[in-house]
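Have a look at the sequence and the fold below, and keep the viewer open while you read.

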Amino acid sequence: MSMSRPPIEKDCVFCRIARGETPTEILHATDQLIVFRDIRPQAPVHLLIVPHKHIRSVNDLEADDAAILGELFRAAREMARRLDIARDGYRLIVNVERGGGQVIFHLHMHLIGGWGR
Ligand SMILES: [Zn+2]
């Protein structure tokens, strides 16, 4: 019996990808997160940056999650450099809950760009 909520949720699409249970090309991975392509890209480059920890949305962040947030931005910068869109520029988007356009309820950041190539 666990005292705290488990960090992963059985039926969460992103938890399944993070556990390697769904065939997905992982472009980048750290101890804290993974990066893969959005299956419905809105731009030439559309990546999802997803923490391993199951956090429903920004509303559910806890003080201990600060390091994860830093990692999300560092990974975004790394991927933008690697895909050569850093100089042109790109968007980082975090949708929060249904009204904010969130579809998968596991916190994630969209990296969108590449229009100029
Ligand atoms: Zn999850």
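This is a predicted model: local features need pLDDT of at least 70, side-chain atom pairs count only at pLDDT 80 or more; totals for chains, interfaces and linings use all residues.

Five strands make up an open sheet in the order β1-β2-β3-β5-β4, and their pairing is antiparallel. The edges belong to β1 and β4, each of which has a single partner strand, so one side of each is left without a neighbour in the sheet. As background, strands of a sheet pair through backbone hydrogen bonds, either parallel or antiparallel.

| Strand pair | Bridges | Opposite residues |
|---|---|---|
| β1 and β2 | 2 bridges | H28 and V35 |
| β2 and β3 | 5 bridges | I34 and V50 |
| β4 and β5 | 4 bridges | I93 and H110 |

If you trace the chain from β1 into β2, you will pass through a hairpin with 3 residues between the two strands.

**The helix**

Now turn to α2, which covers residues 66-82. Its 17 residues, at 1.5 Å a residue, should span 24 Å, and the end C-alpha atoms lie 25 Å apart, which agrees.

Which residues of α2 are buried? They are L72, A75, A76, M79 and A80. These residues cover an arc of only 130° around the axis, which means that they sit on the same side of α2.

What do the buried residues of α2 pack against? Their partners are β1 (28-29), β2 (33-37), β3 (45-51), β4 (90-93) and β5 (109-113). The face of α2 turned away from this buried side carries exposed residues, namely A66, A67, G70, R81 and R82. After α2 comes D84, which has a positive phi, near 60°.

**A loop residue**

One last stop is I39, in the loop between β2 and β3. Is I39 buried or exposed? I39 is exposed, because its count is 9 other C-beta atoms within 10 Å, and a residue is called exposed at 12 or fewer. Between I39 and H52 there are 19 Å in space, C-alpha to C-alpha, and the two are 13 residues apart in sequence.

How values were computed. Residues are numbered from 1 along each chain as its sequence is written. The expected span of a helix is 1.5 Å times one less than its number of residues. A residue is buried if 20 or more other C-beta atoms lie within 10 Å of its own, exposed if 12 or fewer, and partly exposed in between; C-beta atoms are placed from the backbone. The arc is that of the directions from the helix axis to the C-beta atoms. Two residues are in contact if their C-beta atoms, placed from the backbone, lie within 7 Å. Two strands pair if DSSP finds at least two bridges between them.
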